Amino acid sequence: MFVKIKNSLRYLTILISIGYIFTLSSCVTLLGKKQEVSLNSYPQGAHVYAGNKYVGTTPCSYKSKKTKDFTFKKEGYQSTTINADTKMRGSIWWNLLFTGFIGVLVDLPYWDKYDGLYYYANLNPAPVKKAETPKPSIVTPSAPKEMAASSSTLSRIEISYSNIELKAQNIYQKYKSAVFMIYTSNERSISQGSGFFVSKDGIAISNYHVFKGTLRGKETIKLSTGTTYKIKEVLAYSEEYDYFVFKVDGNNFNYIPVTKKGYSIGETVYAIGSPRELENTFSNGIVSQNRGKYIQISVPIDYGSSGGALINSYGEVIGITSGGRDDSGANLNYAVDIRNIFNQTSWKWY
């Protein structure tokens, strides 16, 4: 009987000791009840996640004993994550002294608490993705190297067969506003050339090489008045014969008529162009030789003159100033014979 009482007392002592330990440990555990924190955002209506757990839509609240990072998500805005700061509820050494190692282990999951009870996120608008604009086509060697002018285009170009010679100053005054500068660009740089009108309704001519490798739709022409235009339509071009015929919007342009006479070696000719952006530079010389599709001339030209007008003494354009020999001081320069544009079709005019 005494043995049974003794064993019962031993079991009771053990149970009291365990209960005492858990009671002491509850100084943290009992305080570690679920905390309620308030969550809000600007603008409101954001979905809130505590870690991977969905909490609700702002404004809302969340109860937990464990530390969480709160993430706010709203369509049209950048996701924002707020780190929920925490602090210790009590001293670990105090708990270790009074509850022992077991008490500390019991309290560990509930040791921290949220430092604040209100968390707010200011949401920034998400970057708007710009609509991609179609990339302009590029005139390259891989593109068709030639597009002949149609008969309807050629019939609109003004043709002349004049027998009245003009003085140099009269030629310049009459046609300086018919010649313009051309600006083209590729993905790396901007280039400058020249061009001229051959019809009242805006048909113009320049060199093919002025446009080769450039972004179509980005070309600009600038008149001597300062007015600028965009190229509306390409009407004809040839890489082999180095001409480029196009149309700009507008009407009542000053123009240079195309000669029907051709040219003769030794005759006086004039050039109007914009070498090195020196707008409306006027120079003269003679026809030095017939070089097939090119006219060899002694007229001084330079970079930027390409596409300018070569005019005879009758005030008619006979060629497109194109280039020369950089290594020569003898003015070995060239112009594309304007008749090349018409020779590409069955529409003959001379």
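This is a predicted model: local features need pLDDT of at least 70, side-chain atom pairs count only at pLDDT 80 or more; totals for chains, interfaces and linings use all residues.
Asp337 is buried, at 5% relative accessible area, where buried means under 20%, exposed over 50% and partly exposed in between (1.4 Å probe, protein chains only). Its salt-bridge partner is Arg339, with 3.0 Å from N to O, and Arg339 is buried as well, at 18%.

Residues are numbered from 1 along each chain as its sequence is written, and side-chain values use heavy atoms, with hydrogens and water left out.

**Salt bridges**

- The whole structure holds seven salt bridges, each defined as a side-chain nitrogen of Lys or Arg within 4 Å of a carboxyl oxygen of Asp or Glu.
- One of them joins Asp249 to Lys232, whose closest N and O atoms are 3.4 Å apart.
- This pair links distant parts of the chain, 17 residues apart: Lys232 sits in strand S16 (residues 228-238), and Asp249 in the loop between strand S17 (243-248) and strand S18 (258-259).
- Strands here are DSSP runs (E, at least two residues), numbered from the N terminus.
- Asp249 counts as partly exposed because its relative accessibility is 45%, and Lys232 counts as exposed because its value is 54%.
- Another bridge connects Arg276 with Asp302, at 3.3 Å between the closest N and O atoms.
- These partners also lie in distant parts of the chain, 26 residues apart, with Arg276 in the loop between strand S19 (268-273) and strand S20 (281-291) and Asp302 in the loop between strand S21 (294-297) and strand S22 (308-312).
- Arg276 is exposed at 52%, whereas Asp302 is partly exposed at 37%.

- Tyr120 belongs to strand S9 (residues 118-122).
- In a regular strand, side chains alternate between the two faces of the sheet.
- Strand S1 (residues 35-42) pairs with S9 in the parallel sense over five bridges; pairing requires at least two DSSP bridges.
- Within this contact, Asn40 has Tyr120 as its bridge partner in S9.

**The tyrosine patch**

- Tyr120 is partly exposed, at 42% relative accessibility.
- Together with Tyr42 and Tyr118, Tyr120 forms a nonpolar surface patch of about 390 Å² accessible area.
- Patch members have over 30% relative accessible area and no salt bridge; like charges are joined within 9 Å, and nonpolar side chains (Val, Leu, Ile, Met, Phe, Trp, Tyr) within 5 Å.
- Accessible areas come from the Shrake-Rupley method with a 1.4 Å probe, and for residues only the protein chains shown count as cover.

How values were computed
Helices (H or I, at least four residues) and strands (E, at least two) are DSSP runs, numbered from the N terminus.
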